[in-house]
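Open the model in your viewer and get ready to select. We will go stop by stop.

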Amino acid sequence: MQGISSGQRAYGREISVEADEGAFQIKGQIDFVLILWEADRPKLRIVECKASRRDPS
């Protein structure tokens, strides 16, 4: 969220995420992240998309 002003809506795509949660390490890619604001606090909306068709074999 660097470079985003308070109250500014924004989005990002193909975002890499990584975190340690206790004994687990979480690592992956998110398709889209929307940054919205509610009561002067950022609210993240995570969007993960899947293809609805199969590629030919």
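**Stop 1: the strands**

Select residues 41–47, which are strand β3. Strand β3 runs antiparallel to β2, and 7 bridges join the two. Two strands count as paired if DSSP finds at least two bridges between them. Strands themselves are DSSP runs (E, at least two residues), and helices are runs of H or I with at least four residues; both are numbered from the N terminus.

Before you go on, note what you are looking at. This is a predicted model: local features need pLDDT of at least 70, side-chain atom pairs count only at pLDDT 80 or more, and totals for chains, interfaces and linings use all residues. Residues are numbered from 1 along each chain as its sequence is written, and side-chain values use heavy atoms, with hydrogens and water left out.

Now select Trp37. Trp37 stands opposite Pro42 in β3. Move to Ala39, in the hairpin of β2 and β3. This hairpin has 2 residues between its strands, and Ala39 takes a positive phi near 55°.

Next, select β1 (10–21). β1 and β2 pair in the antiparallel sense over 11 bridges. Click Ala19: Ile26 in β2 stands opposite. Then find Gly22 in the turn of the β1–β2 hairpin. Gly22 has a positive phi of about 65°, and 2 residues lie between these strands.

**Stop 2: the whole chain**

Zoom out. How many helices and strands does the protein have? The count is 0 helices and 3 strands. The radius of gyration is 15 Å, well over the 10 Å that the globule rule gives for 57 residues, so the protein is more spread out than a compact globule. This radius is taken over C-alpha atoms, and the globule rule is 2.2 Å times the number of residues to the power 0.38. Along its principal axes, the C-alpha trace spans about 50 × 30 × 20 Å.

Buried residues make up 9% of the 57 residues. Buried means under 20% relative accessible area, exposed over 50%, and partly exposed in between (1.4 Å probe, protein chains only). The protein exposes about 5500 Å², and carbon and sulfur atoms supply 49% of it. Accessible areas come from the Shrake-Rupley method with a 1.4 Å probe; for residues, only the protein chains shown count as cover.

**Stop 3: a nonpolar patch**

Select Tyr11, Phe32 and Leu34. They make a nonpolar surface patch of about 300 Å². Patches are made of residues with over 30% relative accessible area and no salt bridge; like charges are joined within 9 Å, nonpolar side chains (Val, Leu, Ile, Met, Phe, Trp, Tyr) within 5 Å. Phe32 sits in strand β2 (residues 24–38). Phe32 is partly exposed, at 32% relative accessible area.

**Stop 4: Gln8**

Select Gln8, in the segment before β1. Which residues does Gln8 touch, not counting those up to four places away in sequence? They are Gly3, Ile35 and Trp37. Contact means heavy atoms within 4.5 Å. The C-alpha atoms of Gln8 and Ile35 are separated by 8.0 Å, though the two residues are 27 apart along the chain.

**Stop 5: salt bridges**

The whole structure holds 2 salt bridges. A salt bridge is a side-chain nitrogen of Lys or Arg within 4 Å of a carboxyl oxygen of Asp or Glu. Select Glu38 and Lys43: their closest N and O atoms are 3.2 Å apart. Lys43 is partly exposed, at 34%. Finish with Glu48 and Lys50, where the closest N and O atoms are 3.3 Å apart. Glu48 is partly exposed at 41%, and Lys50 is exposed at 68%.
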